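Visitor: Could you show me how to read a few features of a protein model?
Guide: Gladly, let's look together.

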Amino acid sequence: MYSFTKPKQKPLLLEDTKLWLVFIFISLSLYILFGVFLSLKAYIFKKDTDTFQKEIINLNAKLTNIQKQKTA
């Protein structure tokens with residue numbers, strides 16, 4: 001028995017499968033990048049908050065010194 005079609009190599013992944021894998025990879029990459037971005041922003045926010053708290057303490061100390069000089 002003979003066939004009129006020639007045998008072709010089947011691809012390892014179908015086109016639809018490749019498309020879904022690319023979509024999943026891009027989505028996962030964006031999710032990870034967003035997580036890294038948020039953690040970086042949180043770190044910067046915490047660092048700035050600590051700096052501002054120290055600055056407030058210094059300004060309060062200067063203010064009390066000025067008030068003591070006025071009353072003295």
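Guide: Let's start with two residues: Trp 20 and Phe 23 both sit in helix 1, three residues apart, about one turn of the helix. Helices are DSSP runs (H or I, at least four residues), numbered from the N terminus. This is a predicted model, where local features need pLDDT of at least 70, side-chain atom pairs count only at pLDDT 80 or more, and totals for chains, interfaces and linings use all residues. Residues are numbered from 1 along each chain as its sequence is written, and side-chain values use heavy atoms, leaving out hydrogens and water.

Visitor: How many aromatic pairs are there?
Guide: Rings of Phe, Tyr and Trp (its six-membered ring) pair if their centres lie within 6.5 Å; planes under 30 degrees apart count as stacked, over 60 as edge-to-face and the rest as tilted. By this rule there is one aromatic pair. The ring centres of Trp 20 and Phe 23 are 5.8 Å apart and their planes are at 85 degrees, so the pair is edge-to-face.

Visitor: Is Trp 20 buried or exposed?
Guide: Buried means under 20% relative accessible area, exposed over 50%, and partly exposed in between (1.4 Å probe, protein chains only). Trp 20 counts as exposed because its relative accessibility is 54%. Tyr 31, also found in helix 1, counts as exposed at 65%.

Visitor: And where is Asn 65 found?
Guide: Asn 65 is in helix 1, which covers residues 15-71. With 43% relative accessibility, Asn 65 counts as partly exposed. Its C-alpha atom is separated by 66 Å from that of Leu 21, 44 residues apart along the chain.
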